[in-house]
Amino acid sequence: MEALFLLVPLSVVMVFAALWVFFNAADDGQFDDLVGPALRVLQDDDSAANNPPEKDPSGKF
C-alpha cells in the first residue's frame, strides 16, 4: 500500500511530461508534413542518367 503513495504521483508526473513533450513537438512543426518525405523517397532522379560524363580531350574520363 505504501508503494502506491509513490507510484500514483510518479505516474501522473510522467503523463504530464509526455503530454508536454508531445505538444512542444506539435508546436515546433514536427508533425506538419507526414506524407512529403515518404513520397520523396519514391521519386526517381533521372537527371544523372540523362547526362553522361564528358570526355577529356586526352580520352580519359
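**Exercise 1. State how many helices and strands the protein has, and the order of its elements.**

Solution. The protein contains 3 helices and 0 strands, where helices (H or I, at least four residues) and strands (E, at least two) are DSSP runs numbered from the N terminus. Read from the N terminus on, the elements run α-α-α. The model is predicted: local features need pLDDT of at least 70, side-chain atom pairs count only at pLDDT 80 or more, and totals for chains, interfaces and linings use all residues. Residues are numbered from 1 along each chain as its sequence is written, and side-chain values use heavy atoms, with hydrogens and water left out.

**Exercise 2. Determine which element has the highest mean pLDDT and which the lowest.**

Solution. The pLDDT is the predictor's confidence in each residue, from 0 to 100. For the protein, the mean is 83, and 75% of residues reach 70 or more.

**Exercise 3. Compare the span of α1 with the span expected at 1.5 Å a residue.**

Solution. The expected span is 1.5 Å times one less than the number of residues. Helix α1 has 26 residues, and 38 Å is expected. From first C-alpha to last, α1 reaches 39 Å, close to that value. Just after α1, Gly29 takes a positive phi of about 90°.

**Exercise 4. Describe the pairing of Phe22 with Phe23.**

Solution. Rings of Phe, Tyr and Trp (its six-membered ring) pair if their centres lie within 6.5 Å; planes under 30 degrees apart count as stacked, over 60 as edge-to-face and the rest as tilted. The structure holds 2 aromatic pairs. In one of them, Phe22 and Phe23 lie 5.3 Å centre to centre with 70° between the planes, an edge-to-face pair. Phe22, Phe23 and Phe31 form one aromatic cluster.
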